[in-house]
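Subject: Structure for your files

Hello,

The structure is below, followed by what was found in it. Please keep the two together.

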Amino acid sequence: MNIILIGACGRMGRNVAEVAAEQGVNIAAGVDVVPAQLPFPLYRSFSDVREDADAAIDFSSASGLESTLAVCEARGIPVVLAATGYTEADEARIRSSAEKIAVFKTGNLSLGVNLLQMLAKKAAQVLGDAFDAEIVERHHHNKKDAPSGTALMLAKSVNEGFGGGKENVYGRHGMVGERRQSEIGIHAVRGGTIVGEHEVMFAGEDEIVTLAHSARSRKVFASGALKAAAWLQGRAPGLYDMDDLLAGIV
Ligand SMILES: NC(=O)c1ccc[n+]([C@@H]2O[C@H](COP(=O)([O-])OP(=O)(O)OC[C@H]3O[C@@H](n4cnc5c(N)ncnc54)[C@H](O)[C@@H]3O)[C@@H](O)[C@H]2O)c1
């Protein structure tokens, strides 16, 4: 498989290149706005890349979205959108692109987190409105967006588990009054080199259920991205996520 890696010089880009080398996957070219010495050609703009590719993996940032989608559409390249922090307008752009090419998008590429998501939804279904759901995520101090894409994914699943109608409340502060039953609290902690931790707490009367996942290395996301790129091969245009990839496993 030949991959074009966008955000190649970043933390995740470097991890993808490392895992790809271990797995014998070829990084045909990289794209990044900063220069670096890498074992494959590096371009400042995706539109300058001439190498053939079976898939693109974008671990840059939401600001790279338009160029990634425009080039992938023009060249018919399936793409794994692994960055986070997309706006509503970005999401609409992604949906329109998915009418032309196969697009895989997820806020979290780890198998464990996706299992956590399924368990959290189930817990909300079983526990119901008598329990208050609060999500705490922890990441390294360089992370730019908050809350994490994963925390938002988890909140969405928890809301579905509760039957809908809940609203996200981010990082309470000041005289916020009593907690309403309709709230799903989301809290972002930042510090040091924490790779990524997510905790979903269901607090009821005299009992608490906590589900948690901790990523110990970025390699879990890198190998998930390569798995998604391989899975996209030969897929029809459409918007896919981890549920589609895991459908055959769970
Ligand atoms: N989906 C997942 O499982 C998952 C896991 C980890 C990180 N992420 C996300 O991946 C993204 C990258 O994370 P990171 O820790 O590697 O960040 P990083 O800041 O270390 O790396 C991002 C790289 O992308 C480059 N870049 C930024 N904007 C660009 C653009 N418009 N065009 C080309 N290059 C551009 C930067 O120069 C940098 O080298 C973040 O959005 C992060 O939240 C997702």
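In which loop is Asp206 found? Asp206 sits in the loop between β10 (196-204) and β11 (207-215); strands (E, at least two residues) and helices (H or I, at least four) are DSSP runs, numbered from the N terminus.

Two notes on reading this: residues are numbered from 1 along each chain as its sequence is written. The model is predicted, so local features need pLDDT of at least 70 and side-chain atom pairs count only at pLDDT 80 or more, while totals for chains, interfaces and linings use all residues.

Backbone. Although Asp206 is not a glycine, its phi is positive, about 65°. Asp206 counts as exposed because it has 5 C-beta neighbours inside 10 Å (exposed means 12 or fewer other C-beta atoms within 10 Å of its own, placed from the backbone). The peptide bond from Ala146 to Pro147 is cis, with omega near -5°. Pro147 lies in the loop between β7 (132-139) and α5 (149-162). Most residues other than glycine have a negative phi, and most peptide bonds are trans.

Strands. β1 (residues 2-6) and β2 (residues 26-31) pair in the parallel sense over five bridges; pairing requires at least two DSSP bridges. Ile4 has Ala29 in β2 as its bridge partner. Two bridges also join β2 to β3 (residues 42-43), and these strands run parallel. There, Gly30 is bridged to Leu42 of β3.

Ligand. Among the 25 residues around the ligand, Gly7, Gly10, Met12, Ser60 and Gly64 come nearest (near means a C-beta atom, placed from the backbone, within 6 Å). Helix α1 (residues 11-23) gives the most to this shell, with three residues.

Regards

Note on methods. Buried ≥ 20, exposed ≤ 12 C-beta atoms within 10 Å, placed from the backbone.
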